[in-house]
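Colleague: Could you walk me through a few features of this model, starting with the general idea each time? I would like to learn how to read them.

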Amino acid sequence: MRRCLEIARLGAGGTAPNPLVGALLVQGERLLAEGWHERAGGPHAEVRCLQAFGDGPVPVDATMYVNLEPCAHHGRTPPCADLLVARGVKHVVVGMRDPFPQVAGRGIERLRNAGVEVAEDVLLDECRWLQRRFISSVERNRPYIILKWAASADGFLDRHPRAGRGVQRISTPATDVIVHRWRSEEAAILVGSRTVMNDDPSLNVRHIEGRAPLRVVLDRGGRAPSQSKVFTDAGNTVLFTGTARPELPVEQIMTSPTDDPLDGILAHLHDRNMRSVLVEGGAELIEHFVQRGLWDEARVIHGQVFFGNGTPAPRIDSAVRIERMVGGDRIVLHRREAGHVTWDW
Ligand SMILES: NC(=O)c1ccc[n+]([C@@H]2O[C@H](COP(=O)([O-])OP(=O)(O)OC[C@H]3O[C@@H](n4cnc5c(N)ncnc54)[C@H](OP(=O)(O)O)[C@@H]3O)[C@@H](O)[C@H]2O)c1
(Lines give C-alpha, C1' and ligand atoms only; values in the text may rest on other atoms or scores of the structure.)
Protein backbone atom coordinates (compact mmCIF):
# COMPACT_ATOMS: atom_id res chain seq x y z
CA MET A 1 0.00 0.00 0.00
CA ARG A 2 2.94 2.33 0.68
CA ARG A 3 4.09 1.74 -2.88
CA CYS A 4 0.54 2.45 -4.12
CA LEU A 5 0.65 5.82 -2.35
CA GLU A 6 4.09 6.54 -3.74
CA ILE A 7 3.09 5.98 -7.35
CA ALA A 8 -0.33 7.61 -6.87
CA ARG A 9 1.52 10.84 -5.96
CA LEU A 10 3.17 10.86 -9.39
CA GLY A 11 -0.20 12.11 -10.66
CA ALA A 12 -0.16 15.14 -8.31
CA GLY A 13 -1.39 18.22 -10.15
CA GLY A 14 -2.43 16.20 -13.20
CA THR A 15 -5.41 14.15 -12.04
CA ALA A 16 -7.49 16.95 -10.50
CA PRO A 17 -10.43 17.04 -10.12
CA ASN A 18 -9.98 13.26 -9.96
CA PRO A 19 -8.30 11.59 -6.97
CA LEU A 20 -4.72 10.31 -6.83
CA VAL A 21 -4.66 6.55 -7.26
CA GLY A 22 -1.99 3.89 -7.62
CA ALA A 23 -2.50 0.14 -8.13
CA LEU A 24 -0.20 -2.87 -7.88
CA LEU A 25 -0.62 -6.49 -8.85
CA VAL A 26 1.40 -8.70 -6.52
CA GLN A 27 1.94 -12.46 -6.28
CA GLY A 28 3.54 -13.47 -3.01
CA GLU A 29 6.67 -11.34 -2.76
CA ARG A 30 6.70 -10.60 -6.48
CA LEU A 31 5.48 -7.37 -8.05
CA LEU A 32 3.75 -8.38 -11.31
CA ALA A 33 2.69 -4.92 -12.50
CA GLU A 34 1.84 -1.40 -11.36
CA GLY A 35 0.07 1.65 -12.71
CA TRP A 36 -1.25 5.02 -11.59
CA HIS A 37 -3.82 7.55 -12.66
CA GLU A 38 -1.87 10.23 -14.53
CA ARG A 39 -4.44 12.78 -15.62
CA ALA A 40 -8.18 13.42 -15.55
CA GLY A 41 -9.84 11.66 -18.47
CA GLY A 42 -6.99 9.15 -18.76
CA PRO A 43 -7.15 5.49 -17.71
CA HIS A 44 -7.60 4.72 -14.03
CA ALA A 45 -4.77 3.16 -12.00
CA GLU A 46 -6.30 -0.35 -12.05
CA VAL A 47 -6.63 -0.20 -15.86
CA ARG A 48 -3.02 0.90 -16.31
CA CYS A 49 -1.81 -1.76 -13.90
CA LEU A 50 -3.62 -4.51 -15.81
CA GLN A 51 -2.41 -3.08 -19.13
CA ALA A 52 1.14 -3.23 -17.79
CA PHE A 53 0.54 -6.83 -16.71
CA GLY A 54 -0.57 -7.77 -20.23
CA ASP A 55 -3.29 -9.98 -21.69
CA GLY A 56 -2.31 -13.25 -20.00
CA PRO A 57 -4.44 -14.78 -17.23
CA VAL A 58 -4.07 -13.17 -13.79
CA PRO A 59 -2.78 -15.85 -11.36
CA VAL A 60 -5.52 -16.94 -8.90
CA ASP A 61 -3.25 -16.20 -5.95
CA ALA A 62 -2.39 -12.66 -7.15
CA THR A 63 -3.60 -9.65 -5.13
CA MET A 64 -4.40 -6.19 -6.41
CA TYR A 65 -3.54 -3.34 -4.01
CA VAL A 66 -5.18 0.00 -4.63
CA ASN A 67 -5.28 3.05 -2.34
CA LEU A 68 -8.86 4.05 -3.27
CA GLU A 69 -11.90 1.82 -3.73
CA PRO A 70 -12.27 0.77 -7.40
CA CYS A 71 -15.07 2.70 -9.07
CA ALA A 72 -18.44 1.14 -9.79
CA HIS A 73 -19.90 3.81 -12.03
CA HIS A 74 -19.68 4.60 -15.73
CA GLY A 75 -17.76 7.86 -16.00
CA ARG A 76 -15.39 8.68 -18.83
CA THR A 77 -14.14 5.08 -18.44
CA PRO A 78 -16.04 1.84 -17.62
CA PRO A 79 -16.22 0.69 -13.95
CA CYS A 80 -12.90 -0.65 -12.64
CA ALA A 81 -14.66 -3.10 -10.29
CA ASP A 82 -16.14 -4.85 -13.36
CA LEU A 83 -12.75 -4.90 -15.07
CA LEU A 84 -11.12 -6.59 -12.06
CA VAL A 85 -13.86 -9.25 -11.99
CA ALA A 86 -13.62 -9.79 -15.76
CA ARG A 87 -9.83 -10.14 -15.59
CA GLY A 88 -10.13 -12.77 -12.84
CA VAL A 89 -8.55 -10.82 -9.98
CA LYS A 90 -9.52 -12.83 -6.86
CA HIS A 91 -8.01 -10.74 -4.03
CA VAL A 92 -8.13 -6.98 -3.60
CA VAL A 93 -6.72 -4.80 -0.81
CA VAL A 94 -8.28 -1.31 -0.65
CA GLY A 95 -6.72 1.59 1.25
CA MET A 96 -9.90 3.64 1.72
CA ARG A 97 -13.49 3.77 0.51
CA ASP A 98 -14.48 6.36 -2.06
CA PRO A 99 -15.67 9.34 0.03
CA PHE A 100 -18.54 10.23 -2.37
CA PRO A 101 -21.58 9.16 -0.29
CA GLN A 102 -23.44 7.98 -3.39
CA VAL A 103 -20.48 5.81 -4.47
CA ALA A 104 -18.90 4.75 -1.15
CA GLY A 105 -18.89 0.98 -0.81
CA ARG A 106 -20.48 0.19 -4.17
CA GLY A 107 -17.23 -0.83 -5.83
CA ILE A 108 -16.33 -3.07 -2.91
CA GLU A 109 -19.85 -4.54 -2.90
CA ARG A 110 -19.59 -5.36 -6.61
CA LEU A 111 -16.30 -7.14 -6.06
CA ARG A 112 -17.60 -9.12 -3.08
CA ASN A 113 -20.80 -10.07 -4.92
CA ALA A 114 -18.61 -11.52 -7.67
CA GLY A 115 -16.71 -13.65 -5.13
CA VAL A 116 -13.61 -11.45 -4.85
CA GLU A 117 -12.00 -11.35 -1.40
CA VAL A 118 -11.63 -7.69 -0.31
CA ALA A 119 -9.67 -6.23 2.63
CA GLU A 120 -10.31 -2.57 3.53
CA ASP A 121 -8.84 0.38 5.43
CA VAL A 122 -5.17 -0.47 5.02
CA LEU A 123 -2.97 2.56 5.94
CA LEU A 124 -6.23 4.50 6.13
CA ASP A 125 -4.71 7.68 7.65
CA GLU A 126 -1.99 7.83 5.00
CA CYS A 127 -4.56 7.22 2.25
CA ARG A 128 -6.80 10.00 3.56
CA TRP A 129 -3.84 12.38 3.77
CA LEU A 130 -2.94 11.74 0.13
CA GLN A 131 -6.59 12.27 -0.87
CA ARG A 132 -7.11 15.34 1.34
CA ARG A 133 -8.05 17.73 -1.47
CA PHE A 134 -10.62 15.34 -2.91
CA ILE A 135 -11.99 14.62 0.59
CA SER A 136 -12.32 18.32 1.49
CA SER A 137 -14.33 18.91 -1.66
CA VAL A 138 -16.68 15.99 -0.99
CA GLU A 139 -17.03 16.23 2.79
CA ARG A 140 -16.81 20.03 3.33
CA ASN A 141 -18.01 21.36 0.00
CA ARG A 142 -15.02 23.65 -0.26
CA PRO A 143 -11.49 23.42 -1.65
CA TYR A 144 -8.67 22.22 0.60
CA ILE A 145 -7.03 25.41 1.90
CA ILE A 146 -3.25 25.69 2.17
CA LEU A 147 -1.82 28.90 3.63
CA LYS A 148 1.74 29.70 2.63
CA TRP A 149 4.14 32.45 3.56
CA ALA A 150 7.83 33.16 3.99
CA ALA A 151 9.05 35.02 7.07
CA SER A 152 12.39 36.68 7.70
CA ALA A 153 14.45 35.43 10.64
CA ASP A 154 13.03 38.32 12.70
CA GLY A 155 9.41 37.51 11.76
CA PHE A 156 8.50 39.86 8.88
CA LEU A 157 6.87 39.15 5.52
CA ASP A 158 8.46 42.18 3.88
CA ARG A 159 10.76 45.07 4.67
CA HIS A 160 9.73 48.68 5.32
CA PRO A 161 10.48 51.12 3.89
CA ARG A 162 10.47 49.32 0.54
CA ALA A 163 13.01 49.98 -2.20
CA GLY A 164 10.18 49.89 -4.80
CA ARG A 165 7.62 47.55 -6.37
CA GLY A 166 8.81 43.94 -6.61
CA VAL A 167 9.29 40.77 -4.57
CA GLN A 168 11.79 40.95 -1.71
CA ARG A 169 13.72 37.70 -1.39
CA ILE A 170 13.42 35.68 1.81
CA SER A 171 13.84 32.06 0.68
CA THR A 172 16.73 30.34 -1.09
CA PRO A 173 16.61 29.05 -4.71
CA ALA A 174 16.24 25.46 -3.41
CA THR A 175 13.06 26.46 -1.57
CA ASP A 176 11.77 28.34 -4.62
CA VAL A 177 11.83 25.09 -6.61
CA ILE A 178 9.70 23.43 -3.91
CA VAL A 179 7.29 26.38 -3.86
CA HIS A 180 6.82 26.08 -7.61
CA ARG A 181 6.09 22.36 -7.15
CA TRP A 182 3.49 23.33 -4.52
CA ARG A 183 1.89 25.71 -7.00
CA SER A 184 1.78 23.08 -9.72
CA GLU A 185 -0.04 20.68 -7.40
CA GLU A 186 -2.93 22.98 -6.47
CA ALA A 187 -5.88 24.09 -8.57
CA ALA A 188 -5.83 27.76 -7.61
CA ILE A 189 -3.58 30.34 -5.98
CA LEU A 190 -5.00 33.33 -4.11
CA VAL A 191 -3.43 36.67 -3.15
CA GLY A 192 -4.61 39.93 -1.63
CA SER A 193 -4.65 43.36 -3.24
CA ARG A 194 -1.68 44.82 -1.38
CA THR A 195 0.50 41.88 -2.37
CA VAL A 196 -0.20 42.67 -6.03
CA MET A 197 0.36 46.38 -5.45
CA ASN A 198 3.65 45.97 -3.56
CA ASP A 199 5.19 42.84 -5.07
CA ASP A 200 3.73 42.59 -8.60
CA PRO A 201 4.16 38.77 -8.47
CA SER A 202 3.73 36.48 -11.49
CA LEU A 203 2.33 33.57 -9.43
CA ASN A 204 3.11 31.12 -12.21
CA VAL A 205 5.17 27.90 -12.37
CA ARG A 206 8.66 28.54 -13.73
CA HIS A 207 11.27 26.56 -11.82
CA ILE A 208 9.81 23.16 -12.66
CA GLU A 209 7.70 21.73 -15.45
CA GLY A 210 4.11 21.68 -14.33
CA ARG A 211 0.60 22.96 -14.70
CA ALA A 212 0.02 26.58 -13.60
CA PRO A 213 -2.84 27.09 -11.12
CA LEU A 214 -5.66 29.56 -11.71
CA ARG A 215 -4.61 32.89 -10.17
CA VAL A 216 -7.23 34.51 -7.99
CA VAL A 217 -6.84 38.12 -6.86
CA LEU A 218 -8.97 39.72 -4.14
CA ASP A 219 -9.15 43.47 -4.70
CA ARG A 220 -12.56 44.85 -3.78
CA GLY A 221 -11.35 48.44 -3.91
CA GLY A 222 -9.96 48.08 -7.45
CA ARG A 223 -6.58 49.42 -6.34
CA ALA A 224 -4.18 46.98 -8.03
CA PRO A 225 -2.50 48.68 -11.04
CA SER A 226 -3.73 47.65 -14.50
CA GLN A 227 -0.17 46.89 -15.61
CA SER A 228 0.31 44.22 -12.90
CA LYS A 229 1.71 40.93 -14.24
CA VAL A 230 -1.28 38.92 -12.99
CA PHE A 231 -3.47 41.01 -15.33
CA THR A 232 -1.21 41.35 -18.34
CA ASP A 233 0.82 38.16 -18.87
CA ALA A 234 -0.47 35.02 -20.56
CA GLY A 235 -1.73 33.18 -17.44
CA ASN A 236 -5.35 32.84 -16.32
CA THR A 237 -6.57 35.17 -13.58
CA VAL A 238 -9.90 35.70 -11.86
CA LEU A 239 -10.34 39.04 -10.14
CA PHE A 240 -12.80 39.50 -7.26
CA THR A 241 -13.59 43.17 -7.35
CA GLY A 242 -16.10 45.68 -6.00
CA THR A 243 -15.81 47.91 -9.06
CA ALA A 244 -15.83 46.71 -12.67
CA ARG A 245 -12.43 47.12 -14.36
CA PRO A 246 -13.29 47.09 -18.09
CA GLU A 247 -9.66 47.85 -18.99
CA LEU A 248 -8.47 44.50 -17.58
CA PRO A 249 -8.41 41.45 -19.90
CA VAL A 250 -9.23 39.00 -17.07
CA GLU A 251 -12.36 37.31 -15.75
CA GLN A 252 -14.02 39.47 -13.09
CA ILE A 253 -16.42 38.46 -10.34
CA MET A 254 -18.29 41.32 -8.73
CA THR A 255 -18.24 41.18 -4.96
CA SER A 256 -19.63 43.42 -2.25
CA PRO A 257 -17.10 46.11 -1.30
CA THR A 258 -17.75 45.50 2.41
CA ASP A 259 -18.99 41.93 3.07
CA ASP A 260 -16.63 39.11 4.02
CA PRO A 261 -15.39 37.90 0.64
CA LEU A 262 -13.95 34.52 1.63
CA ASP A 263 -17.10 32.37 1.40
CA GLY A 264 -17.86 33.73 -2.06
CA ILE A 265 -14.34 32.98 -3.31
CA LEU A 266 -14.37 29.44 -1.91
CA ALA A 267 -17.87 28.76 -3.29
CA HIS A 268 -16.77 30.02 -6.71
CA LEU A 269 -13.73 27.72 -6.75
CA HIS A 270 -15.81 24.78 -5.53
CA ASP A 271 -18.37 25.38 -8.29
CA ARG A 272 -15.51 25.28 -10.80
CA ASN A 273 -14.57 21.84 -9.46
CA MET A 274 -11.35 23.21 -7.97
CA ARG A 275 -10.31 20.97 -5.12
CA SER A 276 -7.57 23.08 -3.55
CA VAL A 277 -6.32 26.63 -3.13
CA LEU A 278 -2.89 27.88 -2.10
CA VAL A 279 -3.24 31.20 -0.26
CA GLU A 280 0.07 33.01 -0.82
CA GLY A 281 -0.56 36.13 1.24
CA GLY A 282 -0.23 38.76 2.34
CA ALA A 283 -0.59 38.90 6.07
CA GLU A 284 -4.05 40.44 6.23
CA LEU A 285 -5.65 37.95 3.86
CA ILE A 286 -4.03 35.01 5.67
CA GLU A 287 -5.13 36.38 9.06
CA HIS A 288 -8.74 36.42 7.87
CA PHE A 289 -8.52 32.76 6.88
CA VAL A 290 -6.90 31.91 10.23
CA GLN A 291 -9.46 33.88 12.28
CA ARG A 292 -12.32 32.07 10.53
CA GLY A 293 -10.68 28.67 11.04
CA LEU A 294 -10.80 28.36 7.26
CA TRP A 295 -7.60 26.49 6.61
CA ASP A 296 -6.34 22.92 6.55
CA GLU A 297 -2.61 23.23 6.18
CA ALA A 298 0.00 25.97 6.47
CA ARG A 299 3.46 25.91 4.95
CA VAL A 300 5.76 28.45 6.53
CA ILE A 301 9.24 29.18 5.24
CA HIS A 302 11.60 30.68 7.82
CA GLY A 303 14.47 32.33 5.96
CA GLN A 304 17.80 33.61 7.21
CA VAL A 305 17.52 37.28 6.19
CA PHE A 306 16.84 40.02 8.76
CA PHE A 307 14.44 42.81 7.77
CA GLY A 308 14.39 44.78 11.03
CA ASN A 309 10.96 46.20 10.20
CA GLY A 310 7.99 45.39 7.97
CA THR A 311 4.66 43.51 7.82
CA PRO A 312 4.60 41.07 10.77
CA ALA A 313 4.17 37.41 9.77
CA PRO A 314 0.87 35.72 10.77
CA ARG A 315 0.79 33.49 13.86
CA ILE A 316 -0.82 30.10 13.79
CA ASP A 317 -1.79 27.31 16.20
CA SER A 318 -1.90 23.84 14.73
CA ALA A 319 -2.49 20.29 15.95
CA VAL A 320 0.44 18.79 14.06
CA ARG A 321 3.67 20.25 12.73
CA ILE A 322 6.72 18.81 11.05
CA GLU A 323 9.74 20.63 9.73
CA ARG A 324 12.57 20.28 7.24
CA MET A 325 15.69 22.25 6.43
CA VAL A 326 15.91 23.14 2.73
CA GLY A 327 18.93 25.05 1.41
CA GLY A 328 19.33 26.98 4.70
CA ASP A 329 15.57 27.69 5.11
CA ARG A 330 13.45 25.98 7.75
CA ILE A 331 10.12 24.91 6.28
CA VAL A 332 7.38 24.12 8.79
CA LEU A 333 4.31 22.20 7.68
CA HIS A 334 1.28 22.69 9.95
CA ARG A 335 -1.90 20.65 9.90
CA ARG A 336 -4.86 22.29 11.63
CA GLU A 337 -6.47 19.04 12.76
CA ALA A 338 -4.81 16.02 14.34
CA GLY A 339 -3.84 13.27 11.91
CA HIS A 340 -1.18 11.97 9.60
CA VAL A 341 1.27 14.33 7.87
CA THR A 342 3.92 13.40 5.33
CA TRP A 343 6.61 15.58 3.83
CA ASP A 344 6.03 14.87 0.14
CA TRP A 345 8.65 17.03 -1.53
N1 LIG B 1 6.73 36.82 2.62
C2 LIG B 1 5.65 36.35 2.05
O3 LIG B 1 5.43 35.15 1.99
C4 LIG B 1 4.68 37.31 1.46
C5 LIG B 1 3.63 36.82 0.68
C6 LIG B 1 2.71 37.72 0.19
C7 LIG B 1 2.84 39.05 0.48
N8 LIG B 1 3.88 39.49 1.24
C9 LIG B 1 4.01 40.90 1.61
O10 LIG B 1 2.86 41.27 2.31
C11 LIG B 1 2.50 42.58 1.96
C12 LIG B 1 1.02 42.65 1.71
O13 LIG B 1 0.35 42.10 2.83
P14 LIG B 1 -0.83 42.89 3.47
O15 LIG B 1 -1.19 42.18 4.71
O16 LIG B 1 -0.43 44.32 3.57
O17 LIG B 1 -1.96 42.83 2.36
P18 LIG B 1 -2.69 41.63 1.59
O19 LIG B 1 -3.04 40.54 2.53
O20 LIG B 1 -1.91 41.28 0.36
O21 LIG B 1 -3.94 42.40 1.13
C22 LIG B 1 -4.89 42.74 2.08
C23 LIG B 1 -6.06 41.88 1.79
O24 LIG B 1 -6.93 41.71 2.86
C25 LIG B 1 -8.24 41.65 2.31
N26 LIG B 1 -9.29 41.80 3.28
C27 LIG B 1 -9.70 42.93 3.88
N28 LIG B 1 -10.74 42.65 4.70
C29 LIG B 1 -11.00 41.35 4.58
C30 LIG B 1 -11.93 40.46 5.16
N31 LIG B 1 -12.88 40.90 6.00
N32 LIG B 1 -11.89 39.18 4.86
C33 LIG B 1 -10.96 38.74 4.00
N34 LIG B 1 -10.05 39.51 3.40
C35 LIG B 1 -10.07 40.81 3.70
C36 LIG B 1 -8.18 42.79 1.32
O37 LIG B 1 -9.22 42.75 0.43
P38 LIG B 1 -9.70 44.06 -0.38
O39 LIG B 1 -8.50 44.64 -1.07
O40 LIG B 1 -10.69 43.47 -1.30
O41 LIG B 1 -10.29 44.96 0.66
C42 LIG B 1 -6.85 42.47 0.67
O43 LIG B 1 -7.00 41.51 -0.37
C44 LIG B 1 3.27 42.94 0.72
O45 LIG B 1 4.09 44.06 1.01
C46 LIG B 1 4.11 41.75 0.41
O47 LIG B 1 5.46 42.09 0.20
C48 LIG B 1 4.80 38.66 1.72
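Modeller: Happy to. At 0% relative accessibility, tryptophan 182 counts as buried, where buried means under 20% relative accessible area, exposed over 50% and partly exposed in between, with a 1.4 Å probe and protein chains only. Before we go on, this is a predicted model: local features need pLDDT of at least 70, side-chain atom pairs count only at pLDDT 80 or more, and totals for chains, interfaces and linings use all residues. Residues are numbered from 1 along each chain as its sequence is written, and side-chain values use heavy atoms, with hydrogens and water left out.

Colleague: How many aromatic pairs does the structure hold?

Modeller: A pair of aromatic rings is described by the distance of the centres and the angle of the planes. Rings of Phe, Tyr and Trp (its six-membered ring) pair if their centres lie within 6.5 Å; planes under 30 degrees apart count as stacked, over 60 as edge-to-face and the rest as tilted. The structure holds 3 such pairs. Phenylalanine 100 belongs to the loop between strand 4 (91–96) and helix 4 (106–113) and phenylalanine 134 to helix 6 (residues 132–140), so the pair ties together parts 34 residues apart in sequence. Helices (H or I, at least four residues) and strands (E, at least two) are DSSP runs, numbered from the N terminus. Phenylalanine 134 is buried at 6% relative accessibility, while phenylalanine 100, at 28%, is partly exposed.

Tryptophan 182 and tryptophan 345 also pair edge-to-face, 5.7 Å centre to centre and 75° between the planes. Since tryptophan 182 lies in helix 7 (residues 173–185) and tryptophan 345 in the segment after strand 14 (329–335), the pair ties together parts that are 163 residues apart in sequence. Tryptophan 345 is buried too, with a relative accessible area of 19%. Trp182, Trp343 and Trp345 form one aromatic cluster.

Colleague: Which ring does the charged end of arginine 132 sit over?

Modeller: A charge sits over a ring if NZ of Lys or CZ of Arg is within 6 Å of the ring centre and within 35 degrees of the ring normal. For arginine 132 the ring is that of tryptophan 129, 3.6 Å from its centre. Likewise, arginine 48 lies over the face of tryptophan 36, at 5.1 Å from the ring centre.

Colleague: Which residues of helix 2 are buried?

Modeller: An α-helix has 3.6 residues a turn, so residues three or four places apart point the same way. In helix 2 (residues 45–53), the buried residues are Ala45, Glu46, Cys49 and Leu50. Seen down the axis of helix 2, they fall within an arc of 130° (taken from the directions from the helix axis to the C-beta atoms), so they line one face of the helix. The face turned away from that buried side carries the exposed residues Gln51 and Ala52. Glycine 54, whose phi is positive, near 105°, follows helix 2.

Colleague: What do the buried residues of helix 2 pack against?

Modeller: They pack against strand 1 (22–27), strand 2 (30–36), strand 3 (63–68) and helix 3 (80–86), with contact meaning heavy atoms within 4.5 Å.
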